[in-house]
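I opened my notebook to look at how the chains sit together. Here is what I looked up, entry by entry.

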2 protein chains.
Amino acid sequence: MLVFPAALQELADQFARLPGIGGKTAQRLAFHVLELPLEDAQEFADAILEAKRSVHCCPVCQNLTDREICPVCDDDSRDKSVICVVAEPKDVIAMERSREFQGVYHVLHGVISPLNHVTQDDLKIRELLQRVSDGGVREVIMATNPDTEGEATAMYLSRLLRPMEIRVTRLAYGVPVGSQLEYADEITLSRALEGRQEI
Amino acid sequence: MLVFPAALQELADQFARLPGIGGKTAQRLAFHVLELPLEDAQEFADAILEAKRSVHCCPVCQNLTDREICPVCDDDSRDKSVICVVAEPKDVIAMERSREFQGVYHVLHGVISPLNHVTQDDLKIRELLQRVSDGGVREVIMATNPDTEGEATAMYLSRLLRPMEIRVTRLAYGVPVGSQLEYADEITLSRALEGRQEI
């Protein structure tokens with residue numbers, strides 16, 4: 001049976017290995033790349049290698065950076081005594097968008113997930129404990145996702161941190177601003193009620 | 001405001017240029033590539049360049065190939081007097097899967113589509129006319145997609161080809177095998193009725 005030229009099939013296979021890209025989409029992407037001008041394809045290939053080459057984890061907060069120390073850890077105006085713990089680098093971007101948080105971050109690079117064979121040893125937990133035991137930290141804010149695995153990871157971490165005599169907090173649960181009550185699920189609503197505040 | 005490291009953002013931008021890949025997905029793919037072992041990232045980059053380098057259009061049928069002449073045109077057992085005209089290389093694969101067609105192909109690399117600024121001059125139509133006028137062709141089968149643009153392209157081509165004293169045909173319309181009549185649209189059903197055959 002006729003198949004695609006080997007190099008085209010190989011490119012489609014490479015795309016198909018990416019998360020969320022099925023066989024048909026991978027084929028479509030491979031065809032698209034083939035139709036690009038040579039310099040654009042070269043740029044694409046270079047971008048892959050350049051990202052691998054220049055981006056690494058900040059030795060302090062483990063966020064991705066292309067500098068020696070990431071811009072947040074390197075910023076003297078940030079409060080180094082408050083650490084916000086997030087699961088992924090993209091969560092740092094989300095937190096920064098709020099322009100509210102003046103402390104620093106710690107990126108775990110995942111959450112504890114037995115189903116996906118991710119244990120506490122696969123995460124940057126040792127580095128977090130080291131930062132806290134080095135002193136100067138007042139508070140650690142858990143900002144993992146409010147789902148089962150994020151919750152479990154936050155609980156696990158808070159048990160490790162509480163003996164270290166610092167404040168351990170969690171982002172508030174509640175109804176999202178701009179949402180509609182009728183679409184809020186019952187667990188969110190009951191948490192919002194528990195956490196109600198004086199106005 | 002904090003942004004991703006430049007090289008990571010550049011990689012995400014490259015992914016976002018691919019068809020059907022939005023900003024969020026592009027970010028996710030870029031993160032994934034960053035987590036690949038270096039050799040896997042290198043393989044991905046190489047696959048892009050290798051596909052660009054080695055894959056080109058067959059000078060006879062315009063299908064994609066990494067050989068001088070594509071395997072179908074190069075196969076002496078194929079009937080060179082019957083040409084099946086398709087829009088894209090992937091349509092050749094689909095036709096070959098049926099194991100029914102013993103002729104050769106001609107790939108247009110698109111269909112006429114004024115909305116997308118694709119005119120007849122952007123397609124491999126001149127090459128098709130040249131093949132037919134070179135002689136030895138008995139029949140041209142139109143196998144463009146049965147949608148508006150595919151139909152229009154097939155009609156345009158058949159008007160060009162009919163004066164050349166060859167048979168010009170079209171794939172039959174009808175109900176797909178294995179489908180259910182209740183879900184067939186009315187146009188398909190009326191075409192199936194028109195094209196009914198003795199059993």
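This is a predicted model: local features need pLDDT of at least 70, side-chain atom pairs count only at pLDDT 80 or more; totals for chains, interfaces and linings use all residues.

I started with A:Glu43 and B:Arg17, whose side chains meet in a salt bridge, 3.8 Å from N to O (a side-chain nitrogen of Lys or Arg within 4 Å of a carboxyl oxygen of Asp or Glu). A:Glu43 lies in helix H3 of chain A and B:Arg17 in the loop between helix H1 (6-16) and helix H2 (23-35) of chain B, so this pair joins two chains. Helices (H or I, at least four residues) and strands (E, at least two) are DSSP runs, numbered from the N terminus.

Residues are numbered from 1 along each chain as its sequence is written, chains are lettered from A and ligands numbered from 1 in the order in which they are written, and side-chain values use heavy atoms, with hydrogens and water left out.

**Between the chains**

How many salt bridges cross the interface of chain A and chain B? I found two; A:Arg17 with B:Glu43 is one of them, its closest N and O atoms 3.8 Å apart. Helix H3 of chain A gives the most to the side of chain A that touches chain B, with 14 residues. I sorted that side into 34 nonpolar, eight polar and 13 charged residues (Ala, Val, Leu, Ile, Met, Phe, Trp, Tyr, Cys and Pro count as nonpolar, Asp, Glu, Lys and Arg as charged, the others, Gly among them, as polar).

In contact (heavy atoms within 4.5 Å) are 55 residues of chain A and 55 of chain B.

**Symmetry**

I superposed chain A on chain B with a rotation of 180° and 0.0 Å of shift along its axis, RMSD 0.1 Å (least squares on the C-alpha atoms of residues with pLDDT of at least 70 in both). That is the relation of a two-fold axis. In chain A, A:Ala45 has the C-alpha nearest the axis, 2.2 Å from it.

**Inside one chain**

A:Arg78 and A:Glu96 also meet in a salt bridge, 2.9 Å from N to O. They sit 18 residues apart, with A:Glu96 in helix H4 of chain A. A:Arg78 is buried at 10%, and A:Glu96 is buried at 10%.

Key: Buried means under 20% relative accessible area, exposed over 50%, partly exposed in between (1.4 Å probe, protein chains only).
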